Amino acid sequence: MTLTLSINNTQRLQLNPLEMPNRLLLGPGPSNIHPAVLQAMNTPPVGHLDPTFLALMDEIQALLRYVWQTENPLTIAVSGTGTAAMEATLANVTEPGDVVLVGVSGYFGNRLVDMAGRYGADVRTINKPWGQVFALEEIRAALETHRPAILALVNAETSTGARQPLEGVGDLCREFDCLLLVDTVTSMGGVPLFLDEWKVDLAYSCSQKGLGCPPGASPFTMGSRAVEKMQQRRTKVANWYLDMTLLGKYWGSERTYHHTAPINLYYALREALRLITEEGLENCWTRHQKNVEYLWEGLEDLGLKLHVEREFRLPTLTTVCIPEGVDGKAIARQLLNEYNIEIGGGLGELAGKVWRVGLMGFNSRAENVDRLLETLRQILPL
Ligand SMILES: *Cc1c(COP(=O)(O)O)cnc(C)c1O
């Protein structure tokens with residue numbers, strides 16, 4: 001008997017050992033991985049219930065609390081990408097019929113809408129053109145109208161490059177007795193976040209953007225008001241894998257087996273977080289801000305316009321308007337194929353209108369800005 005291996009059902013390939021190009025990842029994520037993180041990931045794994053691994057999980061929890069500035073005991077890494085952690089926030093606190101209000105001003109707001117609906121929520125939205133943010137008065141008016149159980153906002157809308165300010169939103173949510181759920185996927189590590197001070201009840205992130213880690217181990221946190229809502233559920237959490245009443249026992253003192261942790265990814269995450277503490281969280285935020293301002297200046301010197309008003313621009317992701325008459329896709333393809341630089345294109349309302357340039361984590365460095373600007377200077381027909 002012959003065993004067959006066919007790819008695309010047409011070719012029979014002789015597969016060589018893995019060889020991939022060395023790209024500079026300046027898109028909306030993933031970003032490049034710090035060499036120390038890659039090295040940590042190569043450490044031979046121990047068992048997922050090994051005492052040394054359990055100690056490492058404790059360290060990850062402490063480090064995540066630091067980077068988010070929270071004291072929530074239930075702060076963990078979800079095994080999965082940012083979307084899994086996103087789903088974990090909604091799955092644990094949403095019961096059928098709950099009103100969930102979502103601020104939609106980009107692609108990821110829409111994803112929250114879709115997800116909340118799948119958990120039986122009565123989903124309402126407030127909307128803004130892509131690239132703009134909600135003012136506090138607009139949020140207050142919407143809370144008054146909809147009286148939601150949960151308000152969900154995207155702090156860093158990666159599809160637009162806009163930063164939704166959170167100061168004061170938590171107080172409003174307490175006034176209207178609702179939970180505040182925040183997407184910090186593209187802000188964690190690169191943008192100042194003070195979850196406890198801002199009274200955020202639930203938040204999630206990912207590993208492959210501001211933390212400079214491979215994808216697959218995603219920060220999740222839940223404060224006491226959210227835990228209370230979860231404990232008072234009339235129905236079981238509809239997602240077994242992401243059920244915090246079970247997962248909390250693996251990460252908490254019981255250490256009950258739940259699923260096999262992606263051990264090497266946790267090694268990577270621990271090292272990436274350790275690097276942030278070594279640099280100092282505030283220094284890390286400052287570095288992101290400084291390098292992105294350097295990028296903005298360089299892009300404007302090339303005659304390019306930026307999509308988001310300066311005050312609300314993200315330090316981690318910049319949306320650049322594609323000039324009239326320039327084929328945005330062709331430029332991105334040329335950057336990738338000829339110069340090994342990845343940048344992103346626009347989504348939804350911004351499709352064909354912008355490029356998305358990420359400077360996240362280890363990638364937020366002046367030399368990367370120089371390399372991109374120099375290349376654009378060569379290939380843009382300006
Ligand atoms: C990338 C991203 C996600 C999804 O994370 P994945 O790791 O791709 O699953 C969610 N929200 C925002 C704002 C993102 O940028």
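Trainee: How many salt bridges does the count come to?

Mentor: In this predicted model, the count comes to 16 salt bridges.

Trainee: What makes Arg270 and Glu59 a salt bridge?

Mentor: Their side chains meet at 2.6 Å, N to O. The cut-off is 4 Å, so the pair qualifies.

Trainee: Why is Arg270 called partly exposed?

Mentor: Its relative accessible area is 25%. Partly exposed runs between the buried limit of under 20% and the exposed limit of over 50%, so Arg270 falls in that class. Glu59, at 34%, counts as partly exposed too.

Trainee: What makes Arg234 and Glu95 a salt bridge?

Mentor: The N to O value is 3.7 Å, and the limit is 4 Å, so this pair also counts. It links distant parts of the chain: Arg234 is in the loop between H7 and H8, Glu95 in the loop between H3 and S3, 139 residues apart.

Trainee: Are these two residues buried or exposed?

Mentor: Arg234 has a relative accessible area of 67%, which is over 50%, so Arg234 is exposed. Glu95 has 3%, which is under 20%, so Glu95 is buried.

Trainee: Which backbone nitrogens does the side chain of Glu95 reach?

Mentor: The backbone nitrogen of Arg234 lies 2.7 Å from a polar atom of the Glu95 side chain, and that of Thr235 is reached at 2.9 Å. Both values are within 3.5 Å, so both pass as polar contacts.

Trainee: Why are the buried residues of helix H7 said to be on the same side?

Mentor: In H7 (residues 224-231), Ala226, Val227, Lys229 and Met230 are buried. They cover an arc of only 160 degrees around the axis, which puts them on the same side of H7. The face turned away from that buried side carries the exposed residues Ser224 and Gln231.

Trainee: What do the buried residues of H7 pack against?

Mentor: Their partners include strand S2 (74-79), helix H3 (82-93) and helix H8 (244-251).

Key: Residues are numbered from 1 along each chain as its sequence is written. This is a predicted model: local features need pLDDT of at least 70, side-chain atom pairs count only at pLDDT 80 or more; totals for chains, interfaces and linings use all residues. Side-chain values use heavy atoms; hydrogens and water are left out. Buried means under 20% relative accessible area, exposed over 50%, partly exposed in between (1.4 Å probe, protein chains only). Helices (H or I, at least four residues) and strands (E, at least two) are DSSP runs, numbered from the N terminus. The arc is that of the directions from the helix axis to the C-beta atoms. Contact means heavy atoms within 4.5 Å. A polar contact is a pair of N or O atoms within 3.5 Å; within protein, one must be able to donate a hydrogen and the other to accept it, and residues adjacent in sequence count only if both atoms are side-chain atoms.
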